[in-house]
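Here are a few friendly notes to read beside the structure. Take them one at a time and find each residue as you go.

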Amino acid sequence: MSRAAQFALFLTFAVVVLTAVHTYLWFRLVRDTQIAPPWRLIVTIGLVILPLSVPAAMGLDHALPSGFLRSAGVVPFVWLGAMVLLVFWFGATDLLRLAHLAGAKLVGLALAPERRLLIARATALVGIVLVAALTAKAAWNAAREPVVTAIEIRVASLPRALDGFVIVQLSDLHLGGSRGDREWLERTVAQVNALTPDLIAVTGDLVDASPSHILAEVAPLAGLRARHGAYFVTGNHEHYTGLDEWLPAFRRLGLRVLRNERVVIGDGAASFDLVGVDDPAAHGFGGAQVQDLAKATAGRDPERAAVLLAHQPKIAREAAGFGIDLVLSGHTHGGQIWPFSALVRLQQPYLRGLYEISARTRLYVTDGTGTWGPPLRLGTRNEIARVVLRAR
């Protein structure tokens, strides 16, 4: 199936899901509250238009030049985040209402219609005020510059000469999407360079549009500076936006793309293996290469220190079986908008932060440097990770 056909299928699915969700919100905000005209009609029209506005914005951004989602398209995507919070709110209050009704029936009490209406209106009003406040806070969080998280990780087989080796990790910038323009990227590149990295690792989902739309926007990436260079592995979004078109562009920007391969970082005995794998999304897009850690580590001396760059953190347990010391991943955004993190855990066993996978293997999952979809962050932050390797 072509990328265009897959994108059309995704938009169709999005319309169906969003229509179902907005129908639920209509019941809670309009029918249950019995709001009077003209507000009943206004809210109803809004809940008809909004489920169509999100896929429409995605379709327009897919077709128009760079940055639509950061201008007119930002409103539907902010609403998308607010919608998620509203659904969680009404879902939780519905459970409480059901428990209340069940308890009333057990003791033989009937809930008067006036009381039901009062509860419905109070629930809706509190939900709207609470979600509006949380959305504003989340938008402010997402607009802030990335924070730098400093981590020190002991690597048993790291040569003493490389003690203090600095890897700066970027991930999930989603350039061309709802977060990140050229000026923002220039500031981010300056932040990275100021951390004096020995090596820069970009762990996927760097772009969210085709090269024809955002080549000028990603140009500041050429300014990344590290003693041993900048390395990149694919994320799922590179496959969505056309990896074959992006690969030569990444190389021109000075990014060394690792596709199921390894390179030696350092010289002679003062060195370690840097391993990079493709994202599993390649399989769904008919890619010539799929994630293959066995191929990437073939012939490697298992006694040598090894760092793996992989977009999705669920590879960590497999990596432990291949004698990897440290896995650097992204993909999850830390959940991006709490409490959505609970759903992310259904797809990824590791959400954010540092994990001990085995006696030898550690995993660090970054919150990501940008955002995807809603330009919102609640309970998470835009992050640049500064990872210092320590010899034991």
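1. Let us start with R381, which is partly exposed because its relative accessibility is 30% (buried means under 20% relative accessible area, exposed over 50%, partly exposed in between, with a 1.4 Å probe and protein chains only). The side chains of R381 and E383 meet in a salt bridge at 2.9 Å, N to O (a side-chain nitrogen of Lys or Arg within 4 Å of a carboxyl oxygen of Asp or Glu).

2. A word on the source: this is a predicted model, where local features need pLDDT of at least 70 and side-chain atom pairs count only at pLDDT 80 or more, while totals for chains, interfaces and linings use all residues. Residues are numbered from 1 along each chain as its sequence is written, and side-chain values use heavy atoms, leaving out hydrogens and water.

3. How many salt bridges does a search of the whole structure find? The search finds 20. One of them joins R227 and D198, with the closest N and O atoms 3.2 Å apart. R227 sits in the loop between helix 6 and strand 4, and D198 in the loop between helix 5 and strand 3, so the pair ties together parts that are 29 residues apart in sequence (helices, H or I of at least four residues, and strands, E of at least two, are DSSP runs numbered from the N terminus). R227 is exposed, at 61%, whereas D198 is buried, at 13%.

4. E186 and R182 also form a salt bridge, at 3.4 Å, N to O. Both lie in helix 5, four residues apart, about one turn of the helix.

5. Finally, R28, R31, D32, D94 and R97 are linked in a network of salt bridges.
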